[in-house]
Amino acid sequence: MLNKVSREDRIKRNIFILPIFSIVVLSIVIYSVLAIYINNFKDKEIKKLKQNLINRQKKIAKNRIQELIDEIKREIKDLNENTEKFLKLRIKEASSIIDNVIQNNPNRSEKDIKKIIKEVLSAIRYNNGRGYYYVYDYKTKIMLVHPLKKYVGFNLKYLKDKKGNLIVPPFIEIAQKYGEGYSRYWWQKNSKDGKSYEKLTFVKNN
């Protein structure tokens, strides 16, 4: 009888313990599956967030670079405009000097007046010595004033810049057609470095 009771107790215990064990095992399985799913989901989300962050930073960097490019372009444009205004003003001053020489010497010959103009304008420098005047008589095709003495007194009609473009004919065309205007050409400043630089010239027919 005792054995029978003990057996029944064991059966009841087993019946009670088995569901609990099953629940525990199932819980572990579910937890493991959820953990794997969560980890996979987390990894995907992390990769997604990282990629979004990278894309965002790229976009920000691209926009910033474009802003810098636009800013540089604006500054270059302003610099060019200011340089053109400054250069035009200097040439206007030279033109006034020439007019004053002519008006103040009514009895002088054309040869003497040209000599005075050459002496006055040859001595003038501006923009920290980088700016200078040159006078070309397109009637006689002779350069009257130039900082390089080797060009003074010669016909420079066929003088070319470092890119092979004629320099003087565009000056003559501007002077005859429009009276004044800007012209650009490439010139070597220093024979040692061999580099060519773009030069801006304001031409005025006096």
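Predicted model: local features only at pLDDT ≥ 70, side-chain atom pairs only at ≥ 80, totals over all residues.
Start by selecting α2, residues 110-122; helices here are DSSP runs of H or I with at least four residues, strands are E runs of at least two, and both are numbered from the N terminus.

Residues are numbered from 1 along each chain as its sequence is written, and side-chain values use heavy atoms, with hydrogens and water left out.

Stay on α2 and colour Ile 113, Ile 116, Ile 117 and Leu 121, its buried residues. Buried means under 20% relative accessible area, exposed over 50%, and partly exposed in between, with a 1.4 Å probe and protein chains only. These four cover an arc of only 115° around the axis, which puts them on the same side of α2; the arc is taken from the directions from the helix axis to the C-beta atoms. Now turn to the face pointing away from that buried side, where you will find the exposed residues Lys 111, Lys 115 and Glu 119.

Next, show the largest nonpolar core, which has 15 residues. Such a core is a set of buried Ala, Val, Leu, Ile, Met, Phe, Trp, Tyr and Cys residues joined through side-chain atoms within 4.5 Å. The members that touch the most others are Val 101, Ile 117, Leu 121, Tyr 133, Val 135 and Val 145. Two or more residues come from each of α1 (2-104), α2 and β4 (142-145), and α1 gives the most, with five. Zoom in on Ile 117: beyond residues up to four places away in sequence, Ile 117 touches Ile 98, Val 101, Ser 122 and Val 145, where contact means heavy atoms within 4.5 Å. A second, separate core of 14 residues includes Tyr 136, Ile 167, Phe 171 and Val 203.

The buried residues of α3 are Val 168, Phe 171, Ile 172, Ile 174 and Ala 175. Seen down the axis, they fall within an arc of 165°, so they line one face of the helix. Their cover includes β3 (135-137), β5 and β6 (196-204). Gln 176 and Lys 177 are exposed on the other side, and Gly 179, after the helix, has a positive phi near 90°.

His 146 is buried, at 11% relative accessible area. Leaving aside neighbours within four places in sequence, its contacts are Tyr 133, Tyr 134, Tyr 151 and Val 152.

For the rings, display Tyr 132, Tyr 134, Tyr 151, Phe 171, Tyr 185 and Trp 187, which ring pairs link into a cluster. Rings of Phe, Tyr and Trp (its six-membered ring) pair if their centres lie within 6.5 Å; planes under 30 degrees apart count as stacked, over 60 as edge-to-face and the rest as tilted. The whole structure has six aromatic pairs. Tyr 132 and Tyr 134 have ring centres 6.1 Å apart and planes at 45°, so the pair is tilted.

Finish at Gln 188, in strand β5 (residues 180-188). Gln 188 is partly exposed, at 23% relative accessibility. Its C-alpha lies 7.1 Å from that of Lys 162, 26 residues away in sequence.
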